[in-house]
Amino acid sequence: MPGPWSRRRVAAGAALAVAVAGALVVVPGDRSTAADGVVDVGAGSYAATPVGPTPEGCDSVEADPRAALTDDAPQGPLPTNDWWSSLLYKRLDCRMSEPLHAHPASYQPTPGGLGLSTPREATLSGTPGGIGEFHFTFVQDVVVGVAGLDAPTVQVAGWTDWTVTPSWSDGTRSMRATIGHGLPTSWYHLEGGDALLTSQHDVRVWERGGATLGFTANGHDYAAFAPSGSSWQVSGSTLRSSLAGQGYLAVTALATDADATDAERAAALDAVAGSAFAEVTSTVATYDYDAEDAVVRTTYEIGTTPLEGYADGAVVALYPHQQRYLTDVDGAELDATYPSPRGTMAAYAGTTSFTTATPFTGILPEIPAVATSTGAGRATLDRLLAEAAADPLPILRADTYWTGKALGRATRIIEIADQLGETEVRDRTLGLVRDTLTDWFTATPGKSEQVFAYDGRWGTLIGYPASYGSDTELNDHHFHYGYFVAAAATLARFDPQWASDEQYGGMVDLLIRDANGYDRDETRFPYLRDFDIYAGHDWASGHGAFAAGNNQESSSEGQNFAGALVQWGEATGDTAVRDAGAYLYATQAAAIQEYWFDQAGAIPEGFGHTTLGMVWGDGGTYSTWFSADPEMIQGINTLPITGSHLYLGQRPDDVVANYAELVDVNGGKPSVWQDILWSYLALGDGDEALRLLEADPGYAVEEGESRVHTYHWVANLAALGTLDTTVHGSSPLSAVFVEDGRRTYVAANVTSQALTVRFSDGTRLEVPAGRTVTTGAYTWSGGGAVGGPASPTTSPKPTASPKPTASPKPTTSPKPTTSPKPTASPKPTTSPKPTTSPNPTASPKPTTSPKPDPSRGLLLAFGGNGTLVPAPGQPGTIQLAPARGVDTATEPSGAVVLQARGLTATATGGSTAFDVGLDAGSHVGNGTRVSVQYDLTGDGTWDRVEVYRYFATDPVPGTERYTQTVGLDRATGTLGDLRGGTVRVALWNAIGSAPTVVTARDSVLELPFR
């Protein structure tokens, strides 16, 4: 069971600029100094300290975010959103961490050491072919520790690009361990006692060669390598060694099958023995984007230090996305492979580096209007453009996510209007985008909304209002900020002065550096916060505190960020940003095809799907955080539809198959998000997508889309055909399409000088400044942007200097391995909008809160049959249904409603208070919202309406307290005396795909009346 946990609001303001003892405060690194709490960046600015909620977690972490670091840990901004983040950002287990799924091994700290697990098979749950999950669940095989070790907590001593060093100490005994992605071996440094390997399962030793021990625990094979001269004592399920006084140990998980013979086990041990004492002490990935060859070459370097002898090079296991594009490896391939949630991992012994060459298949500002610039297509597009132009930038909610969505919609309209020469619509919409971005990029003293603020304790930039835990959990910064960067990239083509460093370009760069900073010398933010360098994709959760590890739902919104970097870099002439975007884009495109769309074949037999809605550290699910609709489960990994999402069409046949699967699971054609899904289908079968679109002109528009863009996208892809990945251009903003064997070559020029694009089959395309041009099957040209800088600048390329690492050290008793599992939620009537991330906690959550005091107001309690009653203690519970679609802070039709009528009382001038008991059980990602309404005279008119922020429940069974301290989301009207009035309370799940239970007996409402 997790230790004590508290979500407390950290006070905003000047107090946040003060460091607690031993903590490092990272000060803003801009050229200007903070004055009046504002830091100037060119003409833009941000708040120097948070102006709203900040990251929440265990008390020690809220008091000092560096609390889980050792004294000798690296200084600087804290890494978050990683596979091991729950070690550092402690949120549920305040002593240890959640399971750490490194692949091919998983780990779980305990007070006595580090638990190891090498699951070979997935556990399936849910409905085959319906809502379901598979997990390679952590089940502890063996614990590596020090005899007598009982550490009060596990800390982090260091990390590198894909390793981490947990550290334990109880004052007498200590241990450090090094674990990492792709490393079957873990290394340990121990002090104060003998090395102890223990298991809750029967242990069978099948090789005992002095210092080396081969054993099987829980059906999985391991080899323990102690220093020369050591010996092992075996007693039942306990293995013990003094390590000949040397204090180091290596343990390797072997890639043997359960039915292997002892001779095969011994051979597997021999194959890895030469690498056992080559302790990994640094891991660094460096990349190079070659625009001419349209490829990203990434070299993964594994630095090792021999614990004894001349050992050099570790055993390294490669993920499928790495193995597919492997060009060189400094190591010897092993016969055996490791199973993992991502598919089979090929293994190499004695490895010091390997290199991949991943194709960059091109992006575009927008699909060219080859079929819609004249004739009937143009007439349709003109009509739809006029409709969209009436309100091109509608903001559903003025937070970072929904503002970003609105900016995304507006920029699509700008691109289309520009291609058609509709300059009035284009320029008016550009003005709205400019005004919105400028507002968000301008801080003034006291401004607390539509503003970005720096949190120096955590090393992060938070936009306020935040959403989906982007403030309180550091979730989804790449999702939210990607929309801002993409909009700025479009604006930069038409207004390069606005995008200059002297104006607002520095603020755009600040968002980039926070979400996935490309500069290893950056002191304000961690390097590549959201991107897992070895796994090849982003993680959405800031803390990753789930039994199933970290997770990512909307891989396509991650790609929206990567594509935005490419376009911003091209438009502003910043090759460092462009190349970082190309690296992220190409690598993630490969990983998405392998894992979300199952090119790797990792989805287990019997699951009933060939695509996933979410990827977890230990598996995957056909589900989302917000809906059980197949349209949204599959659609969330395709939106937003932009020219940065052509990678979705790299395998056209798979696109068609995925759409067919959706129709099958749905029991018919899509009834929500049709525009998103037709646009995705158009990348595989444009003609069919266009037929479906034209047959259903009254479809409901997804919140980030417009009818004009959907028609433009689908109609033009129906003409162009599918993406041809066999031919590439020399510009990142180029692509090739093929239909019936005829190719169309497309290139966009976002600079202010003419450009020649060379294609790999010899075709050349001259592209004037600010235009998009095609040749081949279609010859077309459109657009009229002035373009950005004529030639790219060469800011330093983010090549890697290794980060400090820590010597090995484990701890922790294994945690129960229940992995989060969404259940089906009813189908929304409106087209809900997903947004992202795991267990979003939009509002602070106290562990205890004072009960309302009847002496201070009118007390009402939750009763039966939809009533509010005078006294608490009513038996029973109330069940809230799963959320239905997107949270718009609007009461849904299925809300639970409680009322009290005929009330007469005098207003005190105070405010509403409530204390509601909630329990979502072990379900992850639920959030409950309450509204309170007052009809002062009983005439049927609501004189005062209060809607409170939702309260994110934790996945630990037991009642939690939801109180008014979360704060109001919005309120209308004023209070006065009650004269035969009515009070109405509504409760509903704003997010989450599982029900929540309300305890009636202790849920009360205190009203500001006497």
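This report describes the fold, the nonpolar cores and the salt bridges of a predicted protein model.

Because the model is predicted, local features need pLDDT of at least 70 and side-chain atom pairs count only at pLDDT 80 or more, while totals for chains, interfaces and linings use all residues. Residues are numbered from 1 along each chain as its sequence is written, and side-chain values use heavy atoms, with hydrogens and water left out.

**Overall fold**

The protein has 16 helices and 50 strands; these are DSSP runs numbered from the N terminus, with helices being H or I of at least four residues and strands E of at least two. Of its 1010 residues, 66% count as buried, where buried means under 20% relative accessible area, exposed over 50% and partly exposed in between (1.4 Å probe, protein chains only). The accessible surface comes to about 31000 Å², and 50% of this belongs to carbon and sulfur atoms; areas come from the Shrake-Rupley method with a 1.4 Å probe. Among contacts (heavy atoms within 4.5 Å) between residues at least 6 apart in sequence, 73% join residues at least 24 apart.

**Nonpolar cores**

A nonpolar core is a set of buried Ala, Val, Leu, Ile, Met, Phe, Trp, Tyr and Cys residues joined through side-chain atoms within 4.5 Å. In soluble globular proteins, nonpolar side chains tend to be buried together. The largest core here has 184 residues, and L437, F441, W568 and F737 have the most contacts inside it. Helix 11 (residues 575-596) supplies the largest share of this core, 13 residues. Leaving aside residues up to four places away in sequence, L437 touches L407, F484, A487, A488, L491 and W498. A second, separate core of 58 residues includes W84, L87, Y188 and V203.

**Salt bridges**

A search of the whole structure finds 42 salt bridges, each defined as a side-chain nitrogen of Lys or Arg within 4 Å of a carboxyl oxygen of Asp or Glu. Three of these pairs are listed below.

| Pair | Closest N and O atoms |
|---|---|
| R173 and D170 | 3.0 Å |
| E424 and R428 | 2.9 Å |
| R984 and E891 | 2.8 Å |

R984 lies in strand 49 (residues 978-991) and E891 in the loop between strand 41 (877-880) and strand 42 (896-905), so this pair ties together parts that are 93 residues apart in sequence. R984 is buried, with a relative accessible area of 14%, whereas E891 is partly exposed at 30% relative accessibility.

E424 and R428 both lie in helix 7 (residues 423-440), four residues apart, about one turn of the helix. R428 counts as partly exposed at 35% relative accessibility, and D170 likewise counts as partly exposed, at 22%.
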